[in-house]
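Visitor: I have a model here and would like to go through it. Can you take my questions as they come?

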Amino acid sequence: MEIKIAQEEILFFNISGIAVFISFWLYAVSWMNLKLNILKKTGSAFLFLSLLSLTIALVFRGIALKFFPLTNLYESLVIFAWAIIAAYLFLEWKFKIDYFGWMVSGFLLMVFLYATWLPESQKQIAPLVPALQSYWRVIHVPPLLMSYALFLIGAFSGAAYLIETNFISKSGEKKKNITKEIKEGIKINSYVTEVSERAHFFDETTYRCVTFGFPLLTIGIINGALWANHAWGALWQWDPKETMALVTWFIYAAYLHFRLNTQVSGKVLASIALVGVVMVYLTYLGVNQFNFGGLHTYGKIE
Amino acid sequence: MLNKKNIHQIKQLFIEEFSSVKLAITLFIFLAITTLIGTILPEEPMVGSLELIKRYGRQKYLILKSLGLTDVFHSWWYLALLTTLGINLIVASFKRVFPRAYIAFQWPMELREESIKKLPINCELDLNDKNNLNLNKIESSLRKKRYKAKINNKSLIAVKGGWHRLGASVTHVGILTLLIGCAVSTLTGFNGMAQISENEGFYLADLGQSTTQIKSTEERNWLAPISKMPIWLGKIPPYLVNVNKTWREDYETGQPKQWYTDLSILDQNKNVLARKTIHVNDPLEFMGLDIYQSNWGKFAQISFNSENASVPVETFMGEEVIFLPLSDDIGIKLKLVQTQDQNTNQGDVLELYSIFKDSPIQKFLGKVNVNQKTQIGPMNIGYFGTNILTGLQFKSNPGGFLIYPGLFFIICGVFIAFGSKKQIWASINAENNKIIIGGNSDRAKGKFFEEFEKLISELIQNK
């Protein structure tokens, strides 16, 4: 029995996509000329409009489904996009991040296009396989999508850090050894890594994103194990999606433990964040696209 | 020479090396790489050895197998990496993480005027009769904001949210407990599958598999007295699982809704230890052993030109059918029909239709009674009744009592860590005409700045 997709839902989804498109151009222009603050603010406003629109679209879909709209790849991409916008706007508001809005909205456009170009079979509202008919879906998947969104923004921030230290501020990462003699023979040494203020800011942003994203990833994996136990009788079956999530977990655990060492280079940290986001991609979409097989083959790409 | 001093040195070296964060990071990266390899390469437990030999050819397959790459997650080196991480975690937790836990509850050190001025956020306020400002006022203001504050002569210390620092310790305890629980389950647990008909049973020991691969054929299992401990320690209990009855419930449309099995667990003396009717997602739980309703199938025994086969019967559009394709376009549909025929014992008859691809037309060819054969054209089709097989899955998870608390602590630790430790200092300067206030937060510095701003504006209002 095929449930019809509401016209309203399509309308609001399209509004959302167009708003992202507009905000991308506003951000891009304002990035090239940093004095045009008003453009940046307008870009954020459009992004916020996009968020509202997407929320309404999801509500319509949820009403049609009579359940939380998270049943196929299309819906998970829509919620993923929602999480990216929400996370980015939150970070922009709380921590005043405003340098890579164009990267985020550009990526969002790709997500929207990908979702739109999915084959009909992946988009239509269809009844769920028995194993998926569970409240666990709402507990297991959204935290993971949110963590993916945060890791993505963290990766953009890491990329911005590398660009900043390699190309823009020509000083790169200067390591200075400061030695101060306070009394006869007694010297105090200090080891300082100097980076430009913007680079330092990007580093902080990546750290913030990983600190929020890592616990969400942990909770998501654990909930997945509990759900698997409930449905299949086993907490962990070394399924490709499970192991790929574990790879992502290991990488970001390495990032956090690396950062405990204050002498570590910011470039190394940024690189780890970038490797991590590749793992996030493999976990989310790669497992199905590259056909690793296993039990999670719900969102398989034909 | 292994005297006391050397042993002590070795112990120190071990603790130093194994508590290092560098080791943890190295292990994380190696585990990430190996897990990635295991995810991308097809694994034997999932696809089977035949599939692997087909893909790689026998030579390559044997080489890969000897390296452990055909079953990465059960290979000795993967297990070694995990074990090393476990040891690293234990040593580091006790040497580094837990000892710092008390810091969560400590007061910060007193700071003087010059040091407060170097804090990331600080402010200088005049002490005069107009604003009625003193350290006590600051203390009560901070207490209202749920800071712990105390005054020492001319200086004030306040701290809030120190307990958030416990998050790391709690999470590490959780991971430790989880790893121990997993080890217990892997080493002492077992699992298996069975497809059984009604009024038949199976011994767990025959079908179950445990890591230690010791099967119990003894009369009595002294490690697990039947009525006491559910710890099997590598020996599978000598229980007999009997299927008393099994059936399927359908929707009105004929689609399967739920499968049921009435099970009994019997000991060596055929005493019934437990009995329950299970269905999907409602297993039988007895002494740490869980039996799940995994799948269910009706099978028809047919012979096709003297070749016997047990074929699964599907429910398709309200009919119970078997499809036999003869070529790309034509096939035969065998439909199971219940008759009221007094002559047949089972009342089952198989009706045969020829069906064509992309066409709803079906042509009736003939029928076969139970325990008979019918010749239709070149084909000889015999039918010998149906039987029902219920698919059961059983497992024991002895480490569960550690695994679940472990997961709980991990999640708790994550939530506890969400929050910053904020510290505020105030000091009256030497001339007694100014108060210097400053503060620091280990995270969320923006929000802390706003709070500090609010505090100052509250203080300068004449209250």
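Guide: What follows is a short chat about this predicted model.

Guide: Residues are numbered from 1 along each chain as its sequence is written, chains are lettered from A and ligands numbered from 1 in the order in which they are written. In this predicted model local features need pLDDT of at least 70, side-chain atom pairs count only at pLDDT 80 or more, totals for chains, interfaces and linings use all residues, and side-chain values use heavy atoms, with hydrogens and water left out.

Visitor: How is chain B divided into domains?

Guide: Chain B has domain 1 (4-101), domain 2 (119-159 + 420-461) and domain 3 (237-396); the bounds come from an automatic or database domain assignment. The centres of domain 1 of chain B and domain 3 of chain B, taken over C-alpha atoms, are separated by 45 Å.

Visitor: Switching to rings. How many aromatic pairs over all chains?

Guide: The count is 26 aromatic pairs over all chains. Rings of Phe, Tyr and Trp (its six-membered ring) pair if their centres lie within 6.5 Å; planes under 30 degrees apart are stacked, over 60 edge-to-face, and the rest tilted. Phe12(A) and Phe60(A) are a stacked pair, 6.2 Å centre to centre with 15° between the planes.

Visitor: Where do Phe12(A) and Phe60(A) lie in the chain?

Guide: Phe12(A) is in helix 1 (residues 7-32) of chain A and Phe60(A) in helix 2 (residues 37-65) of chain A, 48 residues apart. Helices (H or I, at least four residues) and strands (E, at least two) are DSSP runs, numbered from the N terminus.

Visitor: And what about Phe151(A) and Tyr252(A)?

Guide: Phe151(A) and Tyr252(A) are stacked too, at 3.7 Å centre to centre and 5° between the planes. Phe151(A) lies in helix 6 (residues 136-168) of chain A and Tyr252(A) in helix 8 (residues 240-259) of chain A, so the pair ties together parts 101 residues apart in sequence.

Visitor: Is Phe151(A) buried or exposed?

Guide: Phe151(A) is buried, at 2% relative accessibility, and Tyr252(A) is buried at 1%. Buried means under 20% relative accessible area, exposed over 50%, partly exposed in between (1.4 Å probe, protein chains only). Phe60(A), at 26%, is partly exposed.

Visitor: Which rings form a cluster?

Guide: Ring pairs link Phe214(A), Trp249(A), Phe250(A) and Phe28(B) into a cluster.

Visitor: Back to helix 2 of chain A. What does the side chain of Arg61(A) contact?

Guide: Arg61(A) lies in helix 2 of chain A and is buried, with 2% relative accessibility. Its side chain makes a polar contact with the side chain of Glu75(A) at 2.4 Å. A polar contact is a pair of N or O atoms within 3.5 Å; within protein, one must be able to donate a hydrogen and the other to accept it, and residues adjacent in sequence count only if both atoms are side-chain atoms.

Visitor: Last topic, the open sheet in chain B. What is the strand order?

Guide: The order is 5-7-8-9 (chain B), 4 strands with antiparallel pairing; two strands pair if DSSP finds at least two bridges between them. Strand 5 (201-203) and strand 9 of chain B are the edge strands.

Visitor: How many bridges join strand 8 to strand 9 of chain B?

Guide: 7 bridges join strand 8 (residues 256-266) of chain B to strand 9 (residues 272-279) of chain B. Leu266(B) has Val272(B) as its bridge partner, and Leu263(B) stands opposite Lys276(B).
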